[in-house]
Amino acid sequence: MRLKSMIWNGLLVAALCLAVFLLYRIFQQYSLDQIVQSVRSIPLSSFCTALLFAAASYLCLGCFDLLAIRSLGKSLPYPKIALASFISLSLGHNIGFAGLSSGAFRYRFYSRWGLTTEDVAKIILFCGVTVGLGLMTLGGLALIVNPGDAGRLLRLDPDSVRIFGLLALIVPVVYAGLAFFIRGKLRLWRWSFQLPRFSIAVAQVGIGTLNFMLVSACLHQMLSAFGGVAFFRSVTAYVLANSAILATHVPGGLGVLEATVSYAVPKEASIGALIAFRCAYFFIPLALGTTLLVISEIVFRRSRGADEAANEGAEAQSV
């Protein structure tokens, strides 16, 4: 067995073990009675709706990869892209350092389908930019529409919060403007960046924002079960929590999500709402992603074995 294959197999086993450990570590914080009673307190209709929002979010994340691959001038069927994206991000969201952890899984898949290491690196960077644009856009809107909750958490007055919201909205506008006026590479000091086409840049902003709206809607379904909460209050809570998660890289945002949401919407952020949200957006996708990873590895190995056997047979006939 080649060294490269041994390293990848070792990383695969380590990732699977880590995924199981994360599930254990997260659930051990709560007693079984707490988990059961909290989840039972969520209406089934609300939980199912939240699952639909979570599924739609992961489909949006697959579109991140699709846009990235098209911006490279490459072509892959969307089902393959969706598979690679879902497995990578369902595990990456829980492992932490999502760009690096999901990038390793992306490389595992995309390299099999003809993309180079440089291509995968560009896909990771493109998706990271799309995440930033979506967070900036929705965060800016949330700060303008709902400055009170954000101001209480950030300890700023509402007018200052709105100013920060406007500044945040300038970022995606400038990005799209640069993509429209600059055809080619943007040079900043010693660095250069290949800007996407204007249509792709606009799609980045739109899909990135939609993704965070869908995740916020998933959280909103859970919070609404414990009290009337406005949608943009849920948006504000999630945007602030996700910003903190990206800054700390805590696996699954463990503790960071709970603390931020509880501070932003203290009355509605019960243990039931937060556990149910974790189940819908983190635990269930993690279990599905891990299962799909194992199945895909088995399929790939059998396919490679069949190809090698066919090649050996062809060589034997030629001799």
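Which residue forms a salt bridge with Glu297, the closest N and O atoms being 4.0 Å apart? That partner is Arg301. Here a salt bridge is a side-chain nitrogen of Lys or Arg within 4 Å of a carboxyl oxygen of Asp or Glu.

Some ground rules before going on. This is a predicted model, where local features need pLDDT of at least 70 and side-chain atom pairs count only at pLDDT 80 or more, while totals for chains, interfaces and linings use all residues. Residues are numbered from 1 along each chain as its sequence is written, and side-chain values use heavy atoms, with hydrogens and water left out.

## Overall layout

The chain has 12 helices and two strands; these are DSSP runs numbered from the N terminus, with helices being H or I of at least four residues and strands being E of at least two. In sequence order the pattern reads α-α-α-α-α-α-α-α-β-β-α-α-α-α.

Of the 319 residues in the chain, 45% are buried. The cut-offs are under 20% relative accessible area for buried, over 50% for exposed, and partly exposed in between (1.4 Å probe, protein chains only). The chain exposes about 16,100 Å², with 68% of that supplied by carbon and sulfur atoms; the areas come from the Shrake-Rupley method with a 1.4 Å probe, and for residues only the protein chains shown count as cover.

As for contacts (heavy atoms within 4.5 Å), take the ones between residues at least 6 apart in sequence: 70% of them join residues at least 24 apart.

## Salt bridges

Side chains of opposite charge can pair when their charged atoms come close. A search of the whole structure turns up seven salt bridges. In one of them, the side chains of Arg106 and Asp65 meet at 2.9 Å, N to O. Arg106 sits in helix α5 (residues 98-110) and Asp65 in helix α3 (residues 44-71), so this pair ties together parts that are 41 residues apart in sequence. Arg106 counts as buried at 4% relative accessibility, and Asp65 counts as buried at 0%.

Back to Glu297, which also forms a salt bridge with Arg112, the closest N and O atoms being 3.1 Å apart. Arg112 lies in the loop between α5 and α6 (117-145) and Glu297 in helix α12 (residues 271-318), so the pair ties together parts that are 185 residues apart in sequence. Glu297 is buried, at 4% relative accessibility, whereas Arg112 is partly exposed at 32%.

Arg301 is partly exposed too, at 36% relative accessibility. Arg301 and Glu297 both lie in helix α12, four residues apart, or about one turn of the helix. Through shared partners, salt bridges join Arg108, Arg112, Glu297 and Arg301 into one network.

## The nonpolar inside

A nonpolar core is a set of buried Ala, Val, Leu, Ile, Met, Phe, Trp, Tyr and Cys residues joined through side-chain atoms within 4.5 Å. The largest one has 60 residues, and those with the most contacts inside it are Tyr110, Met222, Leu257, Val261, Phe277 and Tyr281. Its largest share, 12 residues, comes from α12. Apart from this core lies another, of six residues, including Leu133 and Tyr175.

Leaving aside neighbours within four places in sequence, Phe277 is in contact with Val215, Cys218, Leu219, Met222, Tyr238, Leu257 and Phe282.

## Aromatic pairs

Rings of Phe, Tyr and Trp (its six-membered ring) pair if their centres lie within 6.5 Å; planes under 30 degrees apart count as stacked, over 60 as edge-to-face and the rest as tilted. That rule gives 14 aromatic pairs. Two of them are tabulated here.

| Pair | Centre to centre | Angle between planes | Type |
|---|---|---|---|
| Phe180 and Phe181 | 5.0 Å | 90 degrees | edge-to-face |
| Tyr281 and Phe282 | 5.6 Å | 80 degrees | edge-to-face |

Tyr281 and Phe282 are both buried. Phe180, by contrast, is partly exposed at 39% relative accessible area, and Phe181 is exposed at 68%. Ring pairs also link Tyr58, Phe86, Phe212, Tyr238, Phe277, Tyr281 and Phe282 into a cluster.
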